[in-house]
Amino acid sequence: METSNEKTFKQGDIKITISEKKSSFTPYNGYDKPKFYGRRKGRIIRKAKSTLLEAFLPKIKITKDSVFDKEKLFAMPVEKVALEIGFGDGQHLAGQAKNHPEIGFIGAEVFQNGVANLLSLITGIKEGAHLPEKITLEDGRVDNIRVFDDDIRLLFQQIPDAFLDKVYILFPDPWPKKRHAHRRFVNPDNLKEIARIMKKGGILRIATDHKIYKGWALRQVKENGNFVWTAKCGNDWKKEPADWVQTKYELKALKEGRRPVFLDFAKI
Ligand SMILES: C[S@@+](CC[C@H](N)C(=O)[O-])C[C@H]1O[C@@H](n2cnc3c(N)ncnc32)[C@H](O)[C@@H]1O
């Protein structure tokens, strides 16, 4: 059951009213396979993308044997490591990795069609295109993306403490109904793991176009106690960050008249 009362969150020029709800969140016990509520498969994956999943994904896939060492996880040593959780169709992950060859990116996504789309973006092989004998990354890309094609909660325990410089959770499924609140990805269990695997000073970025999720995320992160919200004024969270790459869900939100917010939290 949830009980609610409202609280004003103040920081610099910012004033936001957050409903202070005690949620009926049930922690994941860490032993059974966690229950996943979204979609794993969608419309039929056609020839080019299914070939990419079969022939190319294994080259960049994270498995139980992957070594979480920034000298070894990617094709070359990297300066920093970032994780994007629920990368959807992969636009942000592919864009950030291209813009930052010095950073290694780990992307996690359960939805197979999304993973296939990311592979299409990074190899430049589109549906209907001629499939080369040997599939490689598109010209101008360094080999700095690794993909976990399953639920990130299954990977958390493999990631060492203080390993990541950045974590992105962009437009997570809002699960707006109260009775579905326990399904929201930004929750005490997941934040505890994210805080553990992030470096001090690292940035956790949560973007959402959902009113409820905005307050929910601010409250959950505050209650976690390992982060500070970096925003000092409206522009710091209502405007796209300088290094931003647009995502499919952001475009959908803008088209439907919803204004996204971009919440950056520094790990303390
Ligand atoms: C609403 S979509 C947003 C996709 C993308 N970030 C964007 O902005 O276009 C949320 C995505 O998170 C993925 N997701 C949800 N929970 C996940 C989990 N535990 N591990 C990995 N991916 C997850 C879903 O499969 C879905 O593709």
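Two residues are taken to be in contact if their C-beta atoms, placed from the backbone, lie within 7 Å. Helices (H or I, at least four residues) and strands (E, at least two) are DSSP runs, numbered from the N terminus.

Colleagues, the model is a predicted one, in which local features need pLDDT of at least 70 and side-chain atom pairs count only at pLDDT 80 or more, while totals for chains, interfaces and linings use all residues. Residues are numbered from 1 along each chain as its sequence is written.

I begin with helix 3. Among the elements that cover its buried residues are helix 1 (47-60), helix 2 (91-99), strand 4 (103-108) and strand 5 (145-148). Buried here denotes 20 or more other C-beta atoms within 10 Å of a residue's own, again placed from the backbone. By that criterion nine of the 12 residues of helix 3 are buried, including Val 115, Leu 118 and Ile 122. The helix, residues 112-123, reaches 17 Å from its first C-alpha to its last, close to the expected 16 Å; that expectation is 1.5 Å times one less than the number of residues. Just after helix 3, Gly 124 takes a positive phi of about 75°.

In helix 4 (residues 188-197), the buried residues are Asn 190, Leu 191, Ile 194, Ala 195 and Ile 197. Their cover includes strand 6 (164-170), strand 7 (198-208), helix 5 (211-224) and strand 9 (261-267).

Finally, the ligand. Which helix gives the most to the shell around the ligand? Helix 7 (residues 248-255) does, with three residues.
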